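Colleague: I have the chain open on my screen and would like to go through it with you. Could we start with some single residues and then move on to the whole?

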Amino acid sequence: MMIRFAIVPLLLALNFSTCKKHESVSQNSQPSSTSSPTPAAPVAAASPKITKPVVDQTAQVIIFCYHRLVDKIRYPGTEITPAAFEAQMKELKDRGITVISMQDLLAWKRGEKNIPPRCAVVSFDDGWKSQYEVAWPIMKKYGYPFTMFIYTEGVRGGSLGGGEAITWEQLADMRDNGVDIEAHSATHQDLREGHNIMLIASGGKRTKTKLTGPQYEQWMQNEVVGSKQLLEQRLGIKVNCFAVPFGNYNEHVKEIARNTGYEAMFTVYGQPITFTSPLDSIGRYAIEANKPKVFEDALKMIGTSTGGAAAVAEVGAKDLATQPADGATVRTALPLIKANLSGIGQIEPGSVQMRVSGLGVVPASYDPKTGTVSYQVTQKLREKSCSVFVSVKSAGKKVEAHWTFGIEEGATGGTTSPAPTAKK
């Protein structure tokens, strides 16, 4: 009996060894055609099919830019009365224009979310306390989302944040209630190299100077990168939008913004935003008391049909060899404006139109042999920046292009860019 019990473990050990050896041989040799069929490997369950929503690429969006809301207008270039503001918000509703958030606009541009055919985005620049105390209750009344573009030194307690400035606590309150908060630089100055800027020392001493080379690049890091980081750190948010102060920019400013991680960059040169509009120069309509027609003009630009605007194809300024180039700065207030349209295709005669900011539709000349449209400005341009819009019809479709260039200080009759001022 004891021998029998001693043999059993030995047989089990031999059997286990034989099985392991057979398994090893099977794994290291190819099965022959006469081998018995091996059990089929279990089939993995099919992954769920992920589909992107079908977005309406003919939809259009207009973006409004507001600043300070006050009953008594003292600075008509940046102010509007609360009554006028509420009337405009009501008109958007009455005209069937849907107010969407900035993030919904960007999601649509990425092809991730659909939006109604005609939409508007509302934004506020700088960070005035009236935006918290006056504008926000009106936006709540209509259930509208909106975006705040903040320059960080203008928040209460900053070097430019006086008694009329918004506070970090108020911004946190807005954040907690779904308000989108984005960047507008640190000190709200012209970001292009070589322009006059105000340097503010820690003791409050202010020095006006021009920065170039490494000093300029270091200053830009604080304006574009530092402002984003401060907003994210103080409010615990993700900042992906940047509004350029005064709308002044060039290719280098855009490059720094892209490298900083901004998904979109905004100016104040309004035009309807289409599915193909470039994200590094999105135009907004600046609403000011001294320009009462801007709001109505914006509504006309987006069209009156409730079924959405006609499809528009948009081409980049680089493809048109524009003169002046997009983002360039010229030394004259009477520039020659040109674009080469030959790459667009067959253009319908008489359909070429050029608009120039501050002038409207201009009598541009079009040469069908070279495909060049040009206009010599005869009326002095008085703003620091100029936007050009060219539209044509090709193969039954409207094609648009726009670009913006700067005008050197002095050429417009001015001496310097506006210096940043505290919110008194």
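Colleague: Leaving aside its neighbours within four places in sequence, which residues is Gln 271 in contact with?

Modeller: Please keep in mind that this is a predicted model. Once the neighbours within four places in sequence are set aside, Gln 271 is in contact with Val 61, Ser 281, Ile 282, Gly 283, Tyr 285, Phe 389 and His 402.

Colleague: And where is Gln 271 found?

Modeller: Gln 271 sits in the loop between β11 (264-266) and β12 (285-286).

Colleague: Is Gln 271 buried or exposed there?

Modeller: Gln 271 counts as buried, because its relative accessibility is 6% and the cut-off for buried is under 20%.

Colleague: Switching to Met 102, what does it touch, not counting residues up to four places away in sequence?

Modeller: On that count Met 102 touches Val 121, Thr 147, Phe 149, Asp 180, Cys 241 and Phe 266. The place of Met 102 is in helix α3, which covers residues 102-109, and at 1% relative accessibility Met 102 counts as buried.

Colleague: What separates the C-alpha atoms of Met 102 and Ile 63?

Modeller: Those two C-alpha atoms are separated by 9.0 Å, while Met 102 and Ile 63 are 39 residues apart along the chain.

Colleague: Let's zoom out. How many helices and strands are there in the protein chain?

Modeller: The protein chain has eight helices and 21 strands. Of its 424 residues, buried ones make up 45%, and the chain exposes about 21800 Å², with carbon and sulfur atoms supplying 54% of that area.

Colleague: For contacts between residues at least 6 apart in sequence, what share joins residues at least 24 apart?

Modeller: In the protein chain, 67% of those contacts join residues at least 24 apart.

Colleague: I was looking at the sheet that holds β15; in what order do its strands run?

Modeller: That is an open sheet of three strands in the order β15-β19-β18, with antiparallel pairing. Because β15 (336-340) and β18 (365-367) each have a single partner strand, they stand at the edges, and one side of each is left without a neighbour in the sheet. Ignoring direction, neighbouring strands of this sheet are turned by 15° against each other on average.

Colleague: How many bridges join β15 to β19?

Modeller: Five bridges join β15 to β19 (residues 372-376), and the two strands run antiparallel. One of the residue pairings is that of Leu 336, whose bridge partner in β19 is Gln 376.

Colleague: Next, the cysteines. How many disulfides does the structure hold?

Modeller: The structure holds zero disulfides. Among the cysteines, Cys 119 is buried with a relative accessible area of 0%, and Cys 386 is buried with a relative accessible area of 1%.

Colleague: What about Ser 185, where is its phi?

Modeller: Phi of Ser 185 is near 80°, a positive value in a residue other than glycine. Ser 185 has its place in the loop between β7 (180-183) and β8 (196-200), and at 0% relative accessibility Ser 185 counts as buried.

Colleague: And what is phi for Phe 246?

Modeller: Phe 246 has a positive phi of about 65°, although it is not a glycine. Phe 246 is found in the loop between β10 (241-243) and α7 (251-260), where its relative accessible area of 25% makes Phe 246 partly exposed.

Conventions. Residues numbered from 1 in each chain as written. Predicted model: local features only at pLDDT ≥ 70, side-chain atom pairs only at ≥ 80, totals over all residues. Heavy atoms only, no water. Helix = DSSP H or I, 4+ residues; strand = E, 2+ residues; numbered from the N terminus. Buried < 20%, exposed > 50% of the residue type's maximum accessible area, 1.4 Å probe, protein only. Contact = heavy atoms within 4.5 Å. Areas by Shrake-Rupley, 256 points an atom, 1.4 Å probe, with all protein chains shown as cover. Pairing = 2+ DSSP bridges. Axes fitted to C-alpha atoms, helices over the stretch in contact; angles between N-to-C directions. Disulfide = S-S within 2.5 Å.
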